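Let's go through a few labels and ask what stands behind each one. Have a look at the model first.

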Amino acid sequence: MKILFVRPPVPPHTIGLKHIMICEPLELEYAAAGLTADEVQIMDLIVETGFQKRLKKFKPDVVASSCYITGVNEVIKLFRQVKLWNDKCFTIAGGVQAAQVPEDFADPSVDCIVIGDGTTLMPQIVGALEKKEDLYDIPGLAFPVGPGEVELTEGKAYMPKADTLPFPRRDLVAHLRHHYYYLLHQPVATMKTTWGCWYKCNFCYTWRITDGMPYSRTPESIIEELKQIEAEDVYIVDDIFLINRSRLNRLATLLRENNIRKKYLVYARADFISENEDLISEWADLGLSAVFIGLEAATNTELDSMNKECTVDYNRRSIEVLRKYNVDTYGSVIPNPDYSHDDWQRLWEFIEETGLYYVNISPLTPFPGTEIWPEYKDKVTIPREAHGLWDLSHVILPTKMPLKDYYRALLKLYSKTILNFSRAKKNTQRTLPSVWSWKYFRMLYGSLKIGKQFLEAHQHHSPKELAKAMYRGPEVPGLTYKPRNSKSRKVQSKPMTLEST
């Protein structure tokens, strides 16, 4: 069979993302990896155009897509185009949002929703289609049967042992390699060594997707993949990479034995960095270039409210340790909707005191499927169907300050932190090139684009803009849901509408 994997474009209202980073579609590369006997292509609509032309030329039997919450409507738009082109073409939605909230994809244009690991489930789905077998016999799937309603097949473990997965099919996007970068890292390859997370922050559903059970690859498996990666910069997208000392020590030994020299961007917790300075020193020698830390807040009260199991002292200490070994900190913070001017000032003082330069500021966003969703679901000010605004940049909860002032305060904090050449020179370690370089200009230009989006963000909350954000493309004439009388357990979700907010 012919299978076309498609990464959807970034929605018009979504802030940031493609202006400062575009990484390879790793989740699609993994999903494609198990289809060895089929003709497979990947189309990345963040950097490519001509979807209709590709459909007509390639003539796929199956079109599959994957996304986060912001891309739900874009996936449905694509699938409606597919059905208008050929209603017999089978469509499959997957990714973390499908795994956690499959009912978001309940549309007649969607034939199947993958809840589990796409690498192992895609061959089963394609095989069943070829043999005309019943897909309801495959565990880990969902099928739309009505608006906001899906039927689930039997449950299963999220994925098999991580080492049993094939390596991602990077060859399918090799021709797009020059498009992929992360801030100042280019070319950059994306790599995953663990699925899930050991911690249970209440604003995050990563740990819930895998039922609280992390799936980690062995150091030997990681080394074999690194040998195949040409790029010098490697972005390891695990929610926490620096966590297991014995695993990291073994991996360090293998990196030296195999003479592998890369520059690594990884995620870590502040407490681990603070308590394992010797390991940071060792990995700095191995090429550790930058570490992403979920700092989240400048007060212990806020950290406790997130079930972060960390402290502000750990946050400060972790930044000091990384700076000591010339490793850059990419820190994220989560301002609450009830922030006042004093709260914004306190957050700025923390940033200035610790010398942070690379900062991501994400207003508290209670996603469906997280522990805090039940607490906030009746308070959100943006419809659930306006998926492009659930981007961790828009404010979706009532704010104490006037909405426009809140966005201005957020933008002012970004400006003071990033758009300052002296701060950049003083507070960066390994990642800042010359201010006259193309890489720096691109980051600065992207930051200015994001700034413009924040200036206009309050306007996105108007009924007119929300209606645009909720648009899923023209409906396909004659296309209907396919409910089935089976033993499957139904999951029902009543989507919020524009009127209900």
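Q: How much space lies in the largest cavity?
A: About 80 Å³. This is a predicted model, where local features need pLDDT of at least 70, side-chain atom pairs count only at pLDDT 80 or more, and totals for chains, interfaces and linings use all residues. Residues are numbered from 1 along each chain as its sequence is written, and side-chain values use heavy atoms, with hydrogens and water left out.

Q: What makes that space a cavity?
A: On a 1 Å grid over the protein atoms alone, a 1.4 Å probe fits at its points but cannot get out, so the space counts as a cavity. The whole structure has 2 cavities of 30 Å³ or more.

Q: Which element gives the most to the lining of the largest cavity?
A: Helix 12, with 3 residues. Lining residues have an atom within 4 Å of a cavity point, and among them here are Ile319, Tyr357 and Gln429. The lining divides into 6 nonpolar, 4 polar and 2 charged residues.

Q: What lines the second largest cavity?
A: Its lining includes Ala270, Lys308 and Cys310, and strand 15 (residues 288-296) gives the largest share, 3 residues. About 30 Å³ of space lies in there.

Conventions. On a 1 Å grid over the protein atoms alone, a cavity is a set of points where a 1.4 Å probe fits but cannot get out, and a pocket is an open set with protein on both sides within 12 Å along at least five of seven lines; lining residues have an atom within 4 Å of a point. Grid points are joined across faces, edges and corners, and a volume is the space filled by probe spheres set on the points. Helices (H or I, at least four residues) and strands (E, at least two) are DSSP runs, numbered from the N terminus. Ala, Val, Leu, Ile, Met, Phe, Trp, Tyr, Cys and Pro count as nonpolar, Asp, Glu, Lys and Arg as charged, and the others, Gly among them, as polar.
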